[in-house]
Amino acid sequence: MSDLPPNQTTAELIAELTKRGASMEQIALLKNSGAQTPEEALQSLKAGNTRFYSDKPERVFTDVNHRRAQIMAQTPFAAIVGCADSRVPVEIIFDQGPGDIFSIRVAGHVISPGALGSVQYAVAHLKIHLVVVLGHEGCGAVAAAMPDAIQRTDEPSHVQFLLEAIAPALLDLPSIRDPKARMREACVLNVMHQKKRLESDPFIAQAVASGQIQVVGAFYEIGSGAVDFLED
Ligand SMILES: [Zn+2]
């Protein structure tokens, strides 16, 4: 493989090797595993979101050569725990392609046992470097869990489970007159609450302490397309 011309893109390289009869294993080795540290992973997501909200996306590789490069293994650089809301498709808003993001989506990005197990898997076996808890503007799950929301007990049992997992986040919601600003604050409080729940897991805490991963909260504005990464 050493006689290939320099400066080929990964796609061109895979196409060339496929023509030369390379095996799936050889092609899989070429898959760019992306960011190697929590900082690089964060920069990749920030750069991707900037491309997205600037209407200049470029990284969504879905052609046959990229799919072939991923047959043998997946090498995502980050896990994102996001809301199931259809307006928040994580790969698209961070301008990433198949194989880049280990995506966990559940209403209100609640850290349920299934969500926690999925993050643990990504940390233990996929060696990801970053976990993002991603909230968003106008989250219906957060709205339904607000202290003044209508009867939660009217909801189906597992919807109640989700709302009860969000409600503690909103106990200290300050009184804010503007409804839009109040909802934003509630959504951000839920991000920080679910992030704390994730970080309180001993396995995740150990991965943070060792420097393998960083856990960050973030908030997505539907209208602008921009993601704010939140400081603690
Ligand atoms: Zn939501």
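The dialogue below moves from the overall make-up to single residues.

Mentor: A word on the basis of the answers comes first. This is a predicted model, in which local features need pLDDT of at least 70, side-chain atom pairs count only at pLDDT 80 or more, and totals for chains, interfaces and linings use all residues. Residues are numbered from 1 along each chain as its sequence is written.

Trainee: How many helices and strands are there in the protein?

Mentor: Helices (H or I, at least four residues) and strands (E, at least two) are DSSP runs, numbered from the N terminus. On that basis the protein has ten helices and five strands.

Trainee: In what order do the five strands form the sheet?

Mentor: Two strands pair if DSSP finds at least two bridges between them. The sheet is open and its pairing is mixed, with the order E2-E1-E3-E4-E5. Strand E2 (101-105) and E5 each pair on one side only, which makes E2 and E5 the edge strands. To restate the order asked for, it is E2-E1-E3-E4-E5.

Trainee: Which residue of E3 is the bridge partner of alanine 79?

Mentor: Strand E1 (residues 78-82) is joined to E2 by five bridges in the parallel sense, and E1 also pairs with E3 in parallel over five bridges. On the E2 side, alanine 79 stands opposite phenylalanine 102. On the E3 side, its bridge partner is valine 131.

Trainee: How many of the five residues of E1 are buried?

Mentor: A residue is buried if 20 or more other C-beta atoms lie within 10 Å of its own, exposed if 12 or fewer, and partly exposed in between, with C-beta atoms placed from the backbone. Ala78, Ile80 and Gly82 point one way from E1 and Ala79 and Val81 the other, and all are buried. E1 is therefore largely enclosed by the rest of the structure, the number of buried residues being five of the five.

Trainee: How many residues has the largest nonpolar core?

Mentor: A nonpolar core is a set of buried Ala, Val, Leu, Ile, Met, Phe, Trp, Tyr and Cys residues joined through C-beta atoms within 7 Å. Among those with the most contacts inside the largest core are Ala78, Ala79 and Val81. The number of residues in this core is 54.

Trainee: At what angle do H6 and H10 pack?

Mentor: Axes are lines fitted to C-alpha atoms, for helices over the stretch in contact, and angles run from 0 to 180 degrees between N-to-C directions. The axes of helix H6 (residues 113-125) and helix H10 (residues 202-209) are 10 Å apart. Two residues are in contact if their C-beta atoms, placed from the backbone, lie within 7 Å, and here Val119, Gln120 and Val123 of H6 meet Phe203, Ile204 and Ala207 of H10. The packing angle is about 40°.

Trainee: Is glutamine 194 buried or exposed?

Mentor: Glutamine 194 is in helix H9 (residues 179-199). Not counting residues up to four places away in sequence, glutamine 194 touches His109, Val110, Ile111 and Val133. Because glutamine 194 has 25 C-beta neighbours inside 10 Å, its class is buried.

Trainee: Is aspartate 95 buried or exposed?

Mentor: Aspartate 95 is in the loop between helix H5 (90-93) and E2, and has a positive phi of about 50° although it is not a glycine. Most residues other than glycine have a negative phi. With 22 C-beta neighbours inside 10 Å, aspartate 95 is therefore classed as buried.

Trainee: Is aspartate 55 buried or exposed?

Mentor: Aspartate 55 is in the loop between helix H3 (38-53) and helix H4 (64-69). Its phi is near 60°, a positive value in a residue other than glycine. Because 7 other C-beta atoms lie within 10 Å, aspartate 55 is exposed.

Trainee: Which glycine in the turn between E4 and E5 has a positive phi?

Mentor: Strand E4 (residues 214-220) and strand E5 (residues 227-230) run antiparallel and are joined by four bridges. They form a hairpin with six residues between them. The residue with a positive phi of about 85° in the turn is glycine 225.
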